[in-house]
Amino acid sequence: MTFFYLFAAVAVVASLLVIAQRNPIYSVLLLIASFGALSGLYVLLDAPFVAVTQIIVYAGAIMVLFLFVVMLLNAPHEETEHDEKVHLLRRPGPVWFGGVLAAALVVELLWALTRAGSDSGPFSVEAVSSVRTLGRVLFTEYAFPFEVTSVLILVAMVGAVVLAKRDSRSGGPSAPPV
Amino acid sequence: MTPLLIAQLVVLVVVFHALLLGAAAMVWVERWLAAALQQRRGPILVGWQGLLQPFADVIKLMFKEELRPKAADWFLFALAPIISATCAFSAFAVVPFGASTSFFGLLDEPMKLQVADVNVAVLVIFAIASMGVYGIVLAGWSSNSKYSLLGGLRSSAQMISYELSYGLALAAVLLLGNSLSLTDLVNAQAGSWFHVIPRWFVFLQPLGFLIFMTAGVAETNRAPFDFPEAEQELVAGYHTEYSSMSFAMFFLAEYINMVTVSAVATDLFLGGWHGPLLPASLGWIWFLIKVAALLFFYVWMRWTLPRYRYDQLMAFGWKILLPLAVVNLLATAAGVLYFGV
């Protein structure tokens with residue numbers, strides 16, 4: 001139980017600090033720390049495979065790309081001075097959009113938490129600790145969500161290629177001839 | 001303190017110091033072999049045949065001044081070498097290096113010769129290797145120097161590109177061994193075919209072994225893939241601004257990573273501690289011989305092959321190595337399905 005509180009505290013504090021401080025590099029690193037703490041929680045739940053996958057996929061692969069982009073842009077501090085002069089309710093679209101998403105998340109969390117108490121029975125440790133069982137469940141019972149997520153990633157990939165190729169069609173000077 | 005706990009602590013301490021000494025020995029071997037390959041004498045002054053040279057180097061580094069650029073981000077600048085060295089040491093924790101032993105009957109039950117027995121060991125090594133990138137990337141960024149930054153960026157691009165092939169080569173072996181535990185994978189390679197050919201996965205996965213070693217060399221940033229520190233273009237790459245012991249930590253991490261990649265390759269492809277002549281209790285000698293042979297190839301390659309150009313490296317990784325790894329994985333999966341290994 002001590003370890004649960006330790007990892008949970010690290011995850012919460014690190015996640016808060018991600019948005020609370022201004023240097024984007026530190027934000028990325030704190031997010032990695034938060035992912036690490038989450039992975040520790042998975043280990044406590046007897047799911048080492050999920051824990052290691054969390055590190056490989058999120059902390060290892062995705063965050064390296066984040067760091068890569070932040071370093072390339074080399075933005076030491078966020079430029080928020082202009083926004084801060086405007087009143088909270090009069091800020092441009094992205095702030096509103098973010099607010100709506102945050103509200104949706106809070107509602108979902110409340111729904112999940114109130115629901116969890118009633119009908120969640122004990123789960124078998126075997127179901128999450130064995131890679132074989134996990135794979136079988138993922139490709140049978142949860143095959144549809146799995147495939148939908150794959151399509152989502154494919155969309156992002158196509159989008160990245162379109163964005164990268166846009167310059168060469170209009171003959172921009174930055175793009176090398178292919 | 002149970003005897004098992006004491007035995008595990010002993011193994012932990014022995015592995016830690018073996019890695020330190022192994023890195024020191026590798027520095028000597030590397031310089032000695034480089035000299036032999038280039039027909040010069042190399043370091044022969046300190047100790048017999050220059051054997052004490054690595055210790056002289058360490059003492060020299062300790063007495064050097066710890067420099068820090070004025071515009072550097074002091075926290076990340078100090079953190080980066082720590083991340084590199086920690087990842088290098090901890091990756092070896094899940095590598096088994098010998099058959100189960102009871103230490104001459106001192107233990108009631110035989111214990112596995114490894115620091116931590118994790119049932120997803122292969123993935124743990126992969127995860128720690130991917131965390132090791134941060135040490136190099138952060139060193140490059142926090143130094144606030146253009147050479148360091150370019151070195152750090154090159155390194156992250158290179159490691160992302162080669163991690164894919166590395167992982168796919170691993171996956172093919174996992175299919176053959178039907179497990180994620182390194183101990184199980186090694187034990188699946190015991191015995192021999194027709195009493196002649198050892199049952200090593202390298203004979204079933206020759207292409208996979210080559211892909212794994214190539215990607216492993218790129219992962220450890222060694223020649224001919226040592227772009228992050230290409231000295232002709234980038235002074236010394238990501239560790240340009242580092243001096244004294246913080247430089248030594250990067251140096252140490254590089255050599256320990258070499259040892260780890262060789263040890264993992266030995267466990268996955270070369271049958272680990274299984275070999276002829278020696279009894280099972282002395283299997284760790286076979287393990288050391290195989291690791292040493294792979295490390296020799298590392299050094300041999302560095303002093304024989306010229307460095308690739310950066311765009312060649314990227315093209316090779318994405319257009320040749322990755323498709324080969326995918327084809328290898330598909331063929332292995334089809335074979336496993338058909339023959340039912």
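**Note on the chain A–chain B contact and the packing in chain B**

1. In this predicted model, the contact between the two chains involves 14 residues of chain A and 16 residues of chain B. On the chain A side, helix α3 (residues 48-73) supplies the largest share, 12 residues. The class composition of that side is 13 nonpolar residues and 1 polar residue, with no charged residues.

2. The largest nonpolar core comprises 110 residues, and B:V124 and B:I125 have the most contacts inside it. Helix α4 of chain B (residues 121-142) provides the largest share of this core, namely 17 residues.

3. Which residues does B:V124 touch, leaving aside those up to four places away in sequence? They are A:V52, B:V94 and B:V118.

4. Two packed helices are described by the angle between their axes and the distance between the axes. Within chain B, the axes of helix α1 (residues 3-37) and helix α2 (residues 53-63) come within 8 Å and cross at roughly 115°. The helices α1(B) and α2(B) are therefore roughly perpendicular, since angles of 65 to 115 degrees count as such. The crossing of α1(B) past α2(B) is right-handed.

5. The contact of these two helices is formed on the α1(B) side by B:A24, B:V27, B:W28 and B:R31, which meet B:Q53, B:P54, B:F55 and B:D57 of α2(B). By class, the residues of this contact are 5 nonpolar, 1 polar and 2 charged.

Key:
Residues numbered from 1 in each chain as written. Chains lettered and ligands numbered in written order. Predicted model: local features only at pLDDT ≥ 70, side-chain atom pairs only at ≥ 80, totals over all residues. Contact = placed C-beta atoms within 7 Å. Helix = DSSP H or I, 4+ residues; strand = E, 2+ residues; numbered from the N terminus. Nonpolar A, V, L, I, M, F, W, Y, C, P; charged D, E, K, R; others polar. Core = buried A, V, L, I, M, F, W, Y, C linked by C-beta atoms within 7 Å. Buried ≥ 20, exposed ≤ 12 C-beta atoms within 10 Å, placed from the backbone. Axes fitted to C-alpha atoms, helices over the stretch in contact; angles between N-to-C directions. Parallel < 35°, antiparallel > 145°, perpendicular 65-115°, else oblique. Left-handed = near helix turned anticlockwise from the far one by under 90°.
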